[in-house]
Amino acid sequence: MRVPVPPPREAEAPTRPATRTTRATAVAGLAAVLAAGLVPAVLAGASPAVAATPAYSWGNVEIVGGGFVPGIVYNQSEKGLVYARTDIGGAYRLDQTTKRWVPLLDGVGWDDWGHNGVLSLATDPVNPNNVYVAAGMYTNSWDPNNGAILRSSDRGATWKKTALPFKVGGNMPGRGMGERLQVDPNDNRVLYFGTEGGNGLWRSTDSGVTWAKVTTFPNAGNYVADPSDPNGYLTGNQGVVWVTFDPTSGTKGSPTKTIYVGVADKDNNVYRSTDAGATWSRVAGQPTGFIPHKGVFDAKGKQLYVATSDTGGPYDGGHGDIWRLDAATGTWTNISPLPSTSSDQYYGYSGLTIDRQHPDTIMAVTQISWWPDIIVYRSTDRGATWSRIWDFNGYPSRTDRYTQDISGAPWLDFGKQAVAPETSPKLGWMTESFEIDPFDSNSFLYGTGATIYGGSNLTAWDTGGKVAIGVKAQGLEETAVLDIAAPPGSTELLSALGDIAGFVHTDITKVPSKSIGTAPVHSSELGIDFAEKAPATMVRVGNAESGVSRIGVSTSGGSSWWAGQEPPGVTGAGTVAMAADGSRIVWSPTGAGVHVSTTFGSSWAKSTGVPVGARVESDRVNPLKFYAWSAGTFYTSTDGGATFTASAATGLPTAAARFGAVFGREGDLWLAGGETNGTYGLWHSTNGGTSFTKLTGVAEADTIGFGKAAPGTTYPALYSSAKVGGVRGIYRSIDAGASWVRINDDQHQWGHTNETISGDPDVYGRVYVGTNGRGVIVGNLTGTDPTTTPTPTVTPTPTVTPTPTVTPTPTVTPTPTVTPTPTPTPTPTPSPTTTVVPTGCKVSYTTSDWPTGFTASVKITNAGTAPVNGWKLTFQLTAGQQVTNGWSGVFSQSGSLVTVTNAAWNGTIPGTGSVELGFNGSHTGQNPKATSFTLNGQVCGS
């Protein structure tokens, strides 16, 4: 069964307020191909031989971060021991020597993939070798499995598991609250776990081996984000959200007597036990109306600090307070920097921390301030007074108490220019965990929706200096990988990722300087492809805001992109394929059906013979061949995507499938997919999809990729996330599927790997594996391949894929007059020889605004019947607005006059046709519509 697509995790900072290891050493000196031979046939009824596992090293393509880090947890007794938990990418421990995070849960396998979601993590203050994880990803139907408590006695190197009788939601609403899982600081045999879903408070008294519900705990919580959500994602009770101890109330070796517990219940949110958890009572006088995100106890001052918000987060939160409880007197004091009663407040609080060396100092972070930025608050007098990490200095100017260095992940500015009061990059968003090192008042770390920031001079804040903030996420790779492609030549990898668009890697050991998701701006890329014979020509499709094209094209190897037009009816990105020579694009967007463009996306023609929603791919040799699959039927086009013909092949999976064409071999196709208890496996075609042969020895396969052939062979190496011989893993074949070797091991599984895979066309043995939360894994062959002798004995003619009696020949198979090799020139500016004055034109202009900026969508319609070849649009912005960046045209501005000339690919506006373009702009409070539109000097109507 394929993993349901998880809900979006907000990684990229919005442009306006929201309401809502490393690459191994390159394999050098590989032997040249020495002999040619026939491709072995692996046919129905023959079981591929399985060879011994070769030696592989595993690491990550370097991106650095890329996802939400809801929790950072320091050990309270050993200096330098710190962990990070992620919502879909497992847990990490910081290596203080390398300053890189070490992944701890790569052994999570296919069947328990959800255990890469970490709802809470606890490090043992008595024996620092012990660490515990509350694992599970979803509490609704998306994850079929219950959660588990994982325990390690070697700091996460190895784990043992205790299954729980309920689900755990590491990627559910409320996941930033905590920590829910805690070890008793006096008796480390005792652990507590606050659960979701009405399951209450649980306890272990044998170091996490067994667990039982604390039946005397009176409140399982009642807060639900949205009880009407049809997906069940927002309907869960967020439950018991944190546990904290007063360590002074116990003695070493005996359970701590005083324990505080936070509950997602706006009326009854803090409970206390004074008899080691035997009985519990609601703490008297407590504040109500909010949810306690964080509860931190200061053992020196005997005070409990609680940060609250009006929702469970992590995406939302509009009001809240910070409270201090004097445990000795029972007095609650509202110490909020800006109280919830203030009309200026638009956020709650989280990210609460105490300086354990100087506990008069506390800090907290807004939950949630999308715009203009998060606000970090600091108090050195237990909340009596506060200062902000930045302040307004005459709106929109800011005075900052920090400097920020993103050289460790320079893409974190997302290609955006700063427009005051917003900065680029932002300090963060979704910062539910801000932690001061308990042994060093200057050292700190905090998580965001895309990275970990930190620094080592925090106390400079108190003396008028600036706190130096930098990227501290090296080694932590937390992207959801939706597609990858490995071109031949200087570019090593293209990636399409959830939340942060994706990257072009010319060196997989280095962080790219920018994301590909700009101009057009995409949050998540869903697909990416390149021209096999002209690899600098690329196309990507992804999710975009209203008015922004979902397709981007590059002829410069991804150094610059432009937005293509969209055919009518597009509602989603779908899949995309680039012709082998870059001469055309076939796009299958959601909602609109399959279309083909021979103009780099500036115009489209609807394809025929292929259903809406089909997955599309290109032949890697013949630029006029494209392929499609939908609901068990395979389709082939031999006229460049204009028409498709259904294959007579039967027996293909009707559920989800991935397929691809082998580079260097026209018509050579592999298809992987299916579902448990249904048709599932791997199929091969050598005739362009006319017939397929199923490899019965491969019981399940979800991905297929191709890489450089092994020395002494000519057929490209195959890679697949598959099940062979009853074992799930990453497999490789160097003999066209006659035999397979598992190249990963049980310590390197990465949960579900069902989305995408690719070999490297230039390095034999290298494989890139897309994961759902652990980024792009790269494996390199480090030893020699074991010898395998495949013995398929029968070569039958496949009966399930009959050859059709008729192979229709299209009436016309046009050959492009010119097959250009696009020149990699960023944003080409044409120089048309003739300027045509239209006989009439109309311009539609709409904007989406926020307090200091806007996105404009412009549609130019040629009202005449003759085409306009080469166009220049002018208009006026009358209120001081400034264009900050544009797409689908070349923009310039002089005062209020904006001039846009066409791009190379959309210079012709057909008679009665139209082109669309857009731009981002800034304003100072007013943003009236643009006026005085002219097209090539002709005044246009609206």
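**Before you start**

This is a predicted model, in which local features need pLDDT of at least 70 and side-chain atom pairs count only at pLDDT 80 or more, while totals for chains, interfaces and linings use all residues. Residues are numbered from 1 along each chain as its sequence is written, and side-chain values use heavy atoms, with hydrogens and water left out.

**Stop 1: the whole protein**

Switch to a cartoon view. You will find 0 helices and 71 strands; here helices (H or I, at least four residues) and strands (E, at least two) are DSSP runs, numbered from the N terminus. Of the 942 residues, 59% are buried, where buried means under 20% relative accessible area, exposed over 50% and partly exposed in between, with a 1.4 Å probe and protein chains only.

**Stop 2**

Select Tyr-74, Gln-76, Gln-182, Thr-244 and Arg-356, which of the 39 lining residues lie nearest the centre of the pocket. On a 1 Å grid over the protein atoms alone, a pocket is an open set of points where a 1.4 Å probe fits, with protein on both sides within 12 Å along at least five of seven lines; lining residues have an atom within 4 Å of a point.

Strand 19 gives the largest share, 5 residues. By residue type, the lining divides into 20 nonpolar, 11 polar and 8 charged. Ala, Val, Leu, Ile, Met, Phe, Trp, Tyr, Cys and Pro count as nonpolar, Asp, Glu, Lys and Arg as charged, and the others, Gly among them, as polar.

**Stop 3**

Most residues other than glycine have a negative phi, and most peptide bonds are trans. Select Gln-367 and Ile-368, joined by a cis peptide bond with omega about 10°. Ile-368 sits in the loop between strand 24 (362-367) and strand 25 (376-379). Another cis bond runs from Tyr-395 to Pro-396, with omega near 5°.

Then go to Met-430, which has a positive phi near 55° and a relative accessible area of 0%. Ala-501, in strand 36 (residues 501-505), has a positive phi of about 70° and is buried at 1% relative accessibility.

**Stop 2: strand 39 and its partners**

Strand 39 covers residues 551-554: Ile-551 and Val-553 point one way, Gly-552 and Ser-554 the other, and all are buried. Strand 38 (residues 534-542) pairs with strand 39 in the antiparallel sense over 4 bridges; two strands pair if DSSP finds at least two bridges between them. Look for Met-538 opposite Ser-554. Strand 40 (residues 562-563) also runs antiparallel to strand 39, with 2 bridges, and its Trp-562 is the bridge partner of Val-553.

**Stop 3: Val-616**

Finish in strand 45 (residues 615-618), where Val-616 is found. Val-616 is buried, at 1% relative accessible area. Beyond its neighbours within four places in sequence, the contacts of Val-616 (heavy atoms within 4.5 Å) include Val-586, Tyr-627 and Phe-659. Ala-577 lies 39 residues away along the chain, yet its C-alpha atom is separated from that of Val-616 by 6.2 Å.
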